[in-house]
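Reader: Please go through this model with me, one point at a time. I would like each term defined when it comes up.

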Amino acid sequence: MSAHNESILREPLITGKNITYSKITEDVLVPVENKPNKAWWIGFGIAVILALTWVVTISYTFWVGLGTWGLNKTVGWAWDITGFVWWVGIGHAGTLISAVLLLFRQNWRNSINRSAEAMTIFAVICAATYIIAHMGRPWLAYWVFPLPNQFGSLWVNFNSPLIWDVFAISTYFSVSLVFWYTGLLPDIATIRDRATGLRRRIYSILSFGWAGSVKNWQRFESVSLILAGISTPLVLSVHTIVSFDFATSLEPGWHTTIFPPYFVAGAIFSGFAMVQTLLLIARKVMKWENYITMFHIESMNVIIIVTGSIVGVAYLTELFIAWYSGVEYEQYAFLNRISGPYWWAYWCMMTCNVISPQLFWFKKIRTSIWASWVLSIVVNIGMWFERFVIIVTSLHRDYLPSSWAMFYPTTIDILLFVGSIGVFFTLFLLFLRVLPGIAMAEVKLILKSSSDQVKQKLIREGKVEKSHGEYYQESLEKYDSVSKSDYAKS
Amino acid sequence: MKSNKKYWKGLEELKSSPEFVEKNKNEFAEQIPLEDVLSEGGLNTVAPRRDFLKALGFGLGAVSLAACQTAPIHKSIPYLVKPEDVTPGVANYYVSSYNGQSILVKTREGRPIKIEPNEKSLFGNTGTDAATQAAILDLYDVSKLKGPKLDGADTSWDKIDSFVKGELNKLQASGKKIRIVSSSISSPSAKSVIAEFITQYPNTVHVQVDAVSYSGILQANANSFGKAVIPSYRFDRADVIVSISADFLGTWISGEEFTKQYVGNRNSASLKKGKMSRHIQFETGMSLTGTNADSRIPVKPSEEGPAIIALYNEVTGGQLPGAQALASNTAANTAIKLAAKELLQARGRALVVSGSNDVSIQTVVNAINSALGSYGTTIDLDNQINNYAGNDAAFSSFVKEMNNGEVGAVFFMGSNPAYDYSDPKLFTDALAKVPLRVSFSDREDETASLCTVLAPTSCFLESWGDESAVEGYFTIVQPTINPVFNTRQAEQSLLAWSENPQKNYYQYVKSYWEKNILPGAGKSWKDLLQAGFVYTGAKPAGSYAFAGDLTGVAQTIVSQSKALAKDIEVHLYQNGAMKDGRYANNAFLQELPDAVSKVTWDNYAAVAPKFAEEQGWSEFDLVEIKGENGYTIVLPLLLQPGQARGTVSIAVGYGRTKAGQIGKVGENAYPLAKVANGSVQFHTTAAISKTGGKYELAQTQTHHSYEGRNIVRETTFADYKKDPHAGTTAHGAAHHNYDLWPEHKKIGHNWVMAIDLNACTGCGSCIVACNVENNIPVVGRDEVRNRRDMHWIRIDRYYSFNDGGKSVTKEDEISELENMDNISVVHQPMLCQHCDHAPCETVCPVIATMHSSDGLNHMAYNRCVGTRYCANNCPYKVRRFNWFNYWNDSRFDNYLNNEFTQLLLNPDVTTRSRGVMEKCSMCIQRIQGGRLAAKLEKRALVDGEIQMACQQACSANAIIFGDMNDPESAVSKALRNERTYYVLEEINTMPGIGYQTKVRNIVEA
C-alpha cells in the first residue's frame, strides 16, 4: 500500500531527520515506558481533583434527588442534556477520523486517529453518565433496555426517541471500542515485546497473541476496512438520532426538520475542536511534533471551518424558516432566542461557532498553534452554548405564557459539568500513560512514502522536477518542526 | 376372600419363644433407661464430643436461620369485633358544618380525610371555598396544644376546672367584670351556653369581635332601618351590580354564596337565555371580584367616599356635597355617571355594595339601594346573615374597661386580638391588668400566650355543635373522630365552669335542638344527623325605604376622604387564602397562590407599575411602610396592574408570630388600621421608603400576558348575541384532522371535561380540593420560588389592556402603554388535558404514560424512571416532577413530612416517590370507585355520579366532568355549546378538555 513514493507536491506527514521505525517506537512510547513527567502529573492532579468533584456531586444528586439541580416545572432539561449532547458531539471526530478518513485514504489521519478514538470513547462515557444522572430514578436506568422481565410483555416504547438514543449510543460506543482496540493490537504487541516482567504478561494478554505475521497484518487490514464500513453510517446516525430527541417533539424551537444534518455537522465541528485542544498540548508535551505536524493541524482547521460554516448556515436557515412558517409559537421561540432573557447565550453561540472559526480563512491563523488552540476552545464553548440555547431557551418559553420560567444553574449543575470534564481528562491522561497515543504501526506505514526525509532524499537524488522540489520547499514555510536550513544545501 | 396369610417379623415371632412373648408385651421391646438419664448421675455424664458438636451445629444453624428472618414484623390487629360501619377500604361520610356551610366529611378507617360539600343542603349544590377544603389539615396540625395548661405548665382538666371555678366565684363575689371575647358566633347552642354562663355569673358580658368586621354595615342598617343586621344580598336577582371595593366573590361576607348567585347570571345556561348581568367594580387594589368585573375602574381609598356620593347624586338627583373630589379621576367620574344610568334602568334589579367598614359610607349606600328599589328584591333585610356580629365599638370599650382594671376575668373564644387588633400594644397592656385570662384557642397563639389558663378547644371535626349562617337555616356539627389530643371543646368547658346541670355538650346540643329547632321543622334528631341541616324557611322580604338626612354623613365622608388624600393611601384587604389570618398555619392555604398576583407564602405591598416607576421603585424592592401611628413594617413590592396609582394594598392575615410551625409568614398589617368613626377602618395612609434590599416573592406564574395567543378566547356579550360562536374562531365549521397514529377506540366511556371560562372566578378552591384528594405535596416557599410547585390544577391568570379600543396583550407593547388602568383579566384553569394525541405518551421511553380505553392519559408511577421528556413535550406544561422525596425529606418537615399529618393522606391515591412524574389523573380513583359501585349494583353509571375533586369544590360550577360517549351527559351538552374551543387545538393534540369562551358584558360608552 505504501511501497511507492508519494508525490513530492504533497506535504510531508512525518517530519524530522533520521526517523526510523525504531525511532518512531521510541518516540511514541516515551510516556508509556517512562515515569511520567511533571507536566503530566500536574495535569493528572487537576483532572483527578475535578473527577473527584464529579464523584461527590453525582453521589449527592443520587442521594438527595434532582432537586439539587436548577431544573423546574417548565425547564425539565438543562445542563444535563446540554452536557450529554455536547459530549456525544465531541465523540464524533474519533469515528469520522478513523472510519471515514480511512475509507477516503486520507493518510494524515494515521497520526491522530488513536487519540481521537480514545477521546471518542471517553466522551461517550461522559455522555452516558449524563443519561443515567438525569433520570429521576437512576437505579432503574436498565428499564430503558428491552430486557426480558417478569412483567409479562412489558416492553420499552419504540416510538420514543430516547429509546432510539439508547440504541444509537450503545451501538456507537461498542463499535468505536472494538475499532479502537483492533487498531491497538499491533501497538500493544510492540509494547509487549519491549516490556519485561508483569508488564509483559499484561500486554501479552492484551495483545491477543499478535505475532506480526503476514496473515496477522492481512486480517488486520481487512478488519479495519470492515469496521470502517460499519462505523461510517454511525457517524451520521448517532447525532441524527440525538437530534430526533428534539426534532420529533412538539416544542417550538425543537420541532425542526433541519436538525439531523445540522447536528451532525455541529458534532464533527466540536469533535475536531476537541481533538485539536488535546493534541496541540500532547504533541508539545510528548515531543511528537514530527508526527503531528502543522499539516495535520491545518487539515483539522480546514474541517473546522467547513463544518462551522455549515452550522452557521443552519442557524440562519432556522431563523428564516421560523419567519417563513408563519407559526407564531415558532417565530416567538426564535425571537426569544435572539432577544429574550437568554440573548447572551445565543450571541455567545453565534460568535463562537459562526464568526470566530471564519478566522481560519487566514493561513497565518490556520497555521498558528496558539490561535488554533484558543479557537478550538472557543468552538467548544460555542457548541456548549448551542445545545444550551436549543434546550433551555426553547423550553423556558413555549406555548402557554403562564408557565414561562427562567432556568438558573445551581452549584451542583456547574460542578457536575466541570467534574465530567475532569473525568474525561483523567481517563485521557491515563490512556496516554498505558497505551500509545499515536498509532505507531500506522505511522510506520507511511514513513517510507510520506515523510519529509524521503522527500528530501528524492530532491537530493534529483529524482524530482526542480520546480516541484522548489514548490515543496516553499510550502514547508509554515512548519515549526522542519528546519529550512536543511534544504539550503540542495 | 379372606386372607389367612400371616407375616412374622422374625424367627423369634415364628417360634414364639416364651422369652419373645414376654418382651413383646411392652411397647418398647427393651427397657429405655429414662430414669437413668434423668437421674442425677445421668445428667452429670459428660456428653460425647460428637453429640456436643451435633447439638452445637444444630443450635447454631437454627439460631442463624431464625436470625435470617429479615421481614419486618408489622403488628396488624384484626377486627375481632368489627366496629359498626367501618369497613376497610370503604369511606364513610358524615354531615357536619363549617363556617355555617353544611358539609360532608369523608372518613376512611376512622380518619377524616376530605371535606366535601353537602349537595343536598340548602345552599350546597356544589362547591366549598378553599378554606373549607383545607380545613381538614387543621385536624392534623402538629402545632396545636396537646392538652390544657395552667400558668405555662401542663395540667389536667380537673385541676383547670377547679381553678377556674374557684377564681370565677371569687370574682363574682368581688363584683369584678367577667368578659367572654369571641369571634362572631352563629351557633344557637353555643349562644345558649354563653347565656347560661352569664346567668350563673351575672357580671359576664359576651363581646363579639371580628378581625375584619362589618360593624359599618351593622351600624348603618341600625341607623337607616333600625335593624343592626347584615342583610342577605341576592346577586342572582341583580342585573346590574355596582361594587365599590367589595370583594363579594372572595372575602366579603359570604363569597362562596355570592359566587353561586353571581355566576348564575353569567354562565352558559344564562347566556343561552340571552341574559348576562353587568358588573361594574370601583376599587383600589385588584381583587378577585375586580378581575371578574365587566368594567373595572381603579379608585383611591380617598375617592371611594366621593364616588359613592357622586353615585348617590346621579341616582337620586340629590345635591350632596363632596362629589367634586372625584373630578380629578375622570375615568371614575365618567364611569359613575354611566353606572348610575345603568342602575336606574335596572331598578329593582340593581344592587350597589361597598366593602367599606365605615358607617357613613354604608349609610349612603343604603340610600342609593333604597332609591333603586333594592330592598325586598336584591337586598333582604329580614333574613339576615349571622356570620358577622362583631362590634368594633363594643370591643373598644372592652379594652377601656380592661385598662381601667375593671375586668377580673376574660375568656378568649376564637378571637385573637393580640394579633389582629389595630393597636396590639394597647390591648396587651390592658390585658395584663386582668387577673384571670383564659384562652380556648387550639394553639398557643398570640393572645393565648398572654393567658394564664389554656383550655384548648377541639377541632370542629372532633366536636359537636351547630351553626346558623343565615336566618332560619341551621346546620349541625358532628364529630368524625375522637379528640386526638387531650382537648375539650370550649362550650363543654363553659358548661363545666358554669355548673350547668347538663355537663355533656352533645346532650346539650341535642336537647337544645329537640326543644327549639327540630319541632318547628317537624324533623327528628336522627333526620338531622342524616341531612345535616334544618331550614325553617325564609321570612318574606320586606321592602324598606331609606329616610334620613345625609348631609352630616356626607360631611364626615368628605373630611375622612380629605384626611386620606394627603399621603400615599394604604388599602388593607384580605386575600382569598389567608382571609383574616386564622388559617395561617395551614400549608395548603399558604401554598394556594393568590387568585390575582399568584404569590404564595407571603404578603406584599402591591403598587401600580406606573406609580412605582414615578417613585423609582422596582419589583421586589423591600420598602418600609410607616403607618399613621408610627407602626412600621418592611415588605417587598409587587407591581400590580390595575392598582390605583398613589396607593398601596397590603393583605392582612400574615405576620402571625405564634400560629405554629409554618405560620410565621409575611408581616402583620393589622396595626396599620385605625379606629375611626366608631369602627376599624382599613383605609389609612403611610409613608413608604425603599430600604435598599430585595426580596423575591414566590409566584407560581411570572409572565402575566398571553402574548396575543389563541389560547384564551374571549368575546363581548353584544357579539355573542349576534353570533354565539364569537371569539372561538371556529364559526361552527368543523376542521378535518389527519392522523399519523391509529385512533384510540373508546369503547364504553370517554371521560372528558368542560370548563366555562365565564363561570370560573379564579378563586382556587379547586386547587386545594385537588391537593387534598390526590395527596399532592406542599413544597414550601423556596421550591415555589424555584418554580417547582406541584399543583395538578392551576389557574392561569392573564392580564390584557385596553388602549383606545385596542386590546393589548403582548408584554413588549404593554410596557409602552401610557395608561395601564384599563385592564381586563381572564382566569383559565389548566390541568392535564388528557389529549387523544398526547405528546407525552409518544416520548416516554418506558411506556410509563399511556392512553386508556376510556380517553384518559394514565401515569404509571411505578414504571416512571424520570427522564422528564414527557413534561418537556407537554404543550400545556401540566406535568409535575418529584424533585425531592417530599414525604420523607427533612427539608419538608414543616409541611407534610411528619407521621401525624400524614394521617390526612387519601389511601386510594399513591404518594409519589422522588424522581417520578405526576399529573392530573382525572381523579381516577373516583372514576374507578364510581364504576365499581355501579357494577356491584348491576346498573349503568349515571351521569354526574362521578365527580372530580375540583369540580366538586367549584362554587361556580365552572367544571363539568362526564362521559362524551353519552350524548345526553351534561358534559356532552356543554361541549356542544357554540362557545366551546380547545386550547392549542391547532397543534392537533386533541385535548379532552374543552373550554368555553370568556364573555364580557362591555357597554360601548
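Author: Two residues are in contact if their C-beta atoms, placed from the backbone, lie within 7 Å. The model is predicted, so local features need pLDDT of at least 70 and side-chain atom pairs count only at pLDDT 80 or more, while totals for chains, interfaces and linings use all residues. Residues are numbered from 1 along each chain as its sequence is written, and chains are lettered from A and ligands numbered from 1 in the order in which they are written.

Reader: How many residues does the contact take from chain A and from chain B?

Author: The contact is counted by residues on each side. Chain A gives 37 residues and chain B gives 43 residues.

Reader: Which helix of chain A gives the most to the side that touches chain B?

Author: Helices are DSSP runs (H or I, at least four residues), numbered from the N terminus. With three residues, the one that gives the most to this side of chain A is helix α7 (residues 161-194).

Reader: What does helix α3 of chain A reach from its first C-alpha to its last?

Author: Helix α3 (residues 38-64) of chain A has 27 residues. The expected span is 1.5 Å times one less than the number of residues. The expected value is 39 Å, and the helix comes close to it, reaching 39 Å.

Reader: Against which helices do the buried residues of α3(A) pack?

Author: A residue is buried if 20 or more other C-beta atoms lie within 10 Å of its own. Those of α3(A) include Leu50(A), Trp54(A) and Ile58(A). The buried residues of α3(A) pack against α6 (109-133) and α16 (411-434) of chain A.

Definitions and conventions: Helix = DSSP H or I, 4+ residues; strand = E, 2+ residues; numbered from the N terminus. Buried ≥ 20, exposed ≤ 12 C-beta atoms within 10 Å, placed from the backbone.
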